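Please look over the sequence and the model below.

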Amino acid sequence: MKRELSVVIFVVLAAGLCAIPAFLTFGEPAESGMDQYFIGNGQAQAAANNIVTSVVFDYRGFDTLGESVILFAAVIGVGLMFRSMRGEEEHEDE
Amino acid sequence: MIEMAIHSLVIAGLIVSALMVFYFRDLLAATLAAGFFSFLISVEFYILQAPDVAISQAAIGAGLTTAIFIITIRATSRYEGGNP
Amino acid sequence: MRMSKIVRTGANLLYPFILIFGLYVIMHGHLTPGGGFQGGAVVATGVALVIVAYSFEEVTSMIKKVGMKARESIGLLIFIGAGIGALAVGAPFFSNFLAHSGLLFGQSIPSGPNPGDLNTAGVIPIMNLAVGIEVWGGLAIIVLYMLSSIPKEGS
């Protein structure tokens with residue numbers, strides 16, 4: 001019973017995944033007005049030739065701040081986890 | 001025409017390297033196959049004209065993930081099911 | 001345990017080239033594809049190559065854990081400082097207050113296709129450098145922490 005249910009769920013999900021490209025055309029996002037604004041005005045406003053970088057660091061700078069803070073939190077988590085596992089060895093350098 | 005040939009070659013390489021990851025019993029070889037899989041994905045991103053994503057995939061996927069797996073293999077055993 | 005002599009010599013040979021390429025990707029982030037995160041990840045890959053090739057005791061004499069931690073914190077502080085610096089001149093938070101100003105990185109560029117100049121784009125190169133230093137330190141310290149947790153007599 002459980003096995004048949006999982007097979008049915010898998011078939012439904014696979015069919016849905018295969019049906020998505022039939023409805024969406026490749027390379028056409030739903031809203032393209034904002035893209036045209038960035039491409040047209042990005043060079044004059046941010047004075048950078050690379051539009052992708054000016055979007056990442058200028059127009060969406062706050063999101064990049066969140067990304068950096070997430071990396072910082074990940075490093076803190078890894079440090080806490082492996083510090084407790086390391087025990088009392090002689091390379092406690094700080 | 002030549003783009004289509006490179007494209008299908010890369011996708012065939014992706015499938016073959018993914019199967020290699022599954023079939024290797026030597027975990028170091030499986031890790032290198034996973035690194036090659038990431039490298040082929042980065043080539044695919046470059047063909048699809050996304051060089052930013054290609055650089056991050058080549059650095060994170062093919063470089064750092066392989067390094068972390070190699071360190072893990074160093075701490076545990078190299079072969080599946082213990083050393084032969 | 002450490003890798004064979006071939007791997008160690010190759011790592012020593014490749015390390016400066018990977019470092020220079022990563023710093024190039026960081027510094028030219030506003031002109032060519034790439035940027036802070038990508039360039040920092042490339043540099044961290046070079047550091048991880050050296051970390052994988054040597055044992056922990058040899059690595060700690062070459063790559064200091066304190067230095068990597070300092071890079072991570074200083075990078076994030078410079079990034080937030082560049083965002084707060086816009087408040088000091090009366091612009092909104094994270095606005096590009098150095099562009100077209102004639103100061104550091106303040107040159108204007110002509111519209112349309114052009115080869116570009118390194119001295120443009122306002123705070124974007126500063127933020128690229130900050131994020132690059134932060135990702136360099138952060139990803140390297142993760143790999144270093146994982147190596148430090150291996151027991152000394154293991155395998």
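Is the crossing of H3(B) and H2(C) left-handed or right-handed? The crossing of these two helices is left-handed, a term for a near helix turned anticlockwise from the far one by less than a right angle, with clockwise giving right-handed. This is a predicted model, in which local features need pLDDT of at least 70, side-chain atom pairs count only at pLDDT 80 or more, and totals for chains, interfaces and linings use all residues. Residues are numbered from 1 along each chain as its sequence is written, chains are lettered from A and ligands numbered from 1 in the order in which they are written, and side-chain values use heavy atoms, without hydrogens and water.

Two packed helices are described by the angle and the distance between their axes.

Chain B has 3 helices and 0 strands (DSSP runs of H or I with at least four residues, and of E with at least two). Of its 84 residues, 32% are buried (under 20% relative accessible area, 1.4 Å probe, protein chains only).

Leu19(B) lies in H1 of chain B, residues 2-23. Leu19(B) counts as partly exposed because its relative accessibility is 43%, between the 20% limit for buried and the 50% limit for exposed.
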